[in-house]
Amino acid sequence: MTTKELTEQNSKKKERENLLEVKNLKTYYPIHGGFFKHVVGNVKAVDDVSFTIKKGETMGLVGESGCGKSTTGRTLLRLIKPTGGQIIFDGEDITNISGSRLRKARQDFQMVFQDPYASLNPMQMVGDIIAEPILNFERRNKKELEQYVKSLLTRVGLPESAYYKYAHEFSGGQRQRIGIARALALNPKLIIADEPVSALDVSVQSQVLNLLKDLQEEFDLTYLFIAHDLSVVKHMSDTIGVMYLGNLVEVASNKDLYSEPLHPYTQALISAIPEPDPKLRKERIVLQGDVPSPANPPTGCPFHTRCPMAQEICSQEKPPLKEVRPGHHVACVLY
Amino acid sequence: MTTNAATGPAKNREKSLSPWAIARRKFMKNKLAMISTAFLFIVIILSLLAPTLAPHLSPIPDVAKVNISKMNIAPNGDHLLGTDKSGRDVLTRLLYGGRISLLVGASATALVIFIGTLVGSIAGFFGGAVDSMLMRFTDFVLNFPFLVFVIVLNTILFGIVDGLWVLIGVIGFLSWGGVARIVRSKVLAEKENEYVLAAISIGCSPAKVIVKHLLPNVMSTIIVQATLLFASLIIAESGLSYLGFGVPQEIPSWGNMLAYANEPDVLQGKPWMWMPPALAITLTILSINFIGEGLKDALNPKSLR
């Protein structure tokens, strides 16, 4: 606790600058149909999302399955081409760069993937998996590189002997550690963690989360932490963004979001967190209906079809994300 | 459980089996496949050593020279497998013929696998317009009438290029369609794994993603395809040579030797002229197919992960 307070003080001392700025990001997947396979529509996976992440902070991104969190993460890393908007990373616009320039830029932003069983090449030795990102950018002395990779392995809590093994010899949690070591290898500024613990046992989840937190301090990392588990995000994040149907509906600091959720969707989400104390049973907001299809989103506010507080205007006008209190943004007509 | 640093890396290296090593062990346990491998190995060695072996096994080790005085001799002490209608030693021709048949089969297979893998992996990885274009071209090649084309091309190119390489080239350029399709479908499936996305995110170029990440993971399929192709291309060579459109007449190959069997007189009365190449082809194809089956089991992706 004391260390946390200390870092908070530190962060207040020097005004942190933005590492990642996302402006009106859109990622649409075209739907092909008809006789000539022409584009007949779009799945709006990410629809007009804007936020910023400050250096050294962790932004959590939550939302239910299919709301576009992963697509947002992958688009930010330019693994998927954005349809519109702007991604500014460390002062450089990376929205439209391509080819070798993009490859070079990748040094500074890395990803930890969701499925530790699919994200490691089964044909590569663990040592080669972790060394590969470095070899993509510079020539290194073999001995030196091996030493460096082994130090990374030790840092993420694996034995040095893991260097000579293959991914199939490790458990899910250990594999995720290998994935983290690979992301760290280039000493990046930003790591996007795409549901890094959702495929792991609960007991292993906390180990990996704590590892990520420790590494953040040690390597001065900035995280975008994508998850669908609210308690995981609460544990990790400084600010939290809530996504619904490709839209960011609320962005607030960790404390504000949990103590005072403003958007009806966020309120419903937070009321669904299980309460360990049985005496403290609280009212749960149960949403009606299903998430509409992102191929055919409702007009106006994307949430109005399920919103308990919907008014007539909600179906006509899409409310913009606006700052209603210092540092607390919400996209709802109620505020 | 975990060995400490003191035992050193060498020991750890032995303990960890690469996916390939696991497959090799599994293959070694397959008796039929191992016997077939041994047999194929012997056939290859005998063929390669033909120039050295032939003088010891036959009084006339020349494969091409016609010998009127020694025509149609049945197998005896001098000529272990007899002589053919032109008075040439059958055993000598069988040994030399193996070289040609195996060479044509292996080179054509290599060519087919190379083109097929290149086209298939590029189409599968890039998708979209590149995929459509390459696959339509593949369909186009697949729809060529193979036999007619081989005969026509062989006739046109005959004399311009060395006959053998014409045949290899023609077979190769007409047979890669199937491999391209299989590789493409495998790459399409493999591409969905997150490690491919991870490879892109750590800054690998598209070429590197294909060569270092995708191809090793579809290699098992390619290897199995290659063995089966090897067998079928040896048959293709024999078939074409039998028809007289394959390897030029003066070069002995198993198919060329088999061509004698289209004379009823030879087929019924002189089995020593066509039985040896027929058996050689049959047993070689059979053993290659057993090896292919063995590889298929050993390289089963479920046992590799």
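How many residues does the contact take from chain B and from chain A? In this predicted model, the contact takes 28 residues from chain A and 25 residues from chain B.

**Side of chain B that touches chain A**
- Helices α1 (8-15), α10 (194-201) and α11 (206-243) of chain B each supply at least two residues of this side.
- The most is given by α10(B), with six residues.
- By class, the side of chain B that touches chain A has three charged, eleven polar and eleven nonpolar residues.

**Burial of strand β7 of chain A**
- Strand β7 (residues 190-194) of chain A has five of its five residues buried, so the strand is largely enclosed by the rest of the structure.
- Leu190(A), Ile192(A) and Asp194(A) point one way from β7(A), while Ile191(A) and Ala193(A) point the other way. Residues on both of these faces, Asp194(A) among them, are buried.

**Strand pairing around β7(A)**
- With strand β6 (residues 109-112) of chain A, β7(A) pairs in the parallel sense over four bridges. In this pairing, Ile192(A) of β7(A) has Met111(A) standing opposite.
- With strand β8 (residues 222-227) of chain A, β7(A) runs parallel and is joined by five bridges. Here Ala193(A) stands opposite Phe225(A) in β8(A).
- From β7(A), the chain passes through helix α7 (residues 202-219) of chain A to reach β8(A), and this β-α-β crossover is right-handed.

Technical notes:
Residues numbered from 1 in each chain as written. Chains lettered and ligands numbered in written order. Predicted model: local features only at pLDDT ≥ 70, side-chain atom pairs only at ≥ 80, totals over all residues. Buried ≥ 20, exposed ≤ 12 C-beta atoms within 10 Å, placed from the backbone. Pairing = 2+ DSSP bridges. Right-handed = clockwise from strand over helix to strand, strands pointing away. Contact = placed C-beta atoms within 7 Å. Nonpolar A, V, L, I, M, F, W, Y, C, P; charged D, E, K, R; others polar.
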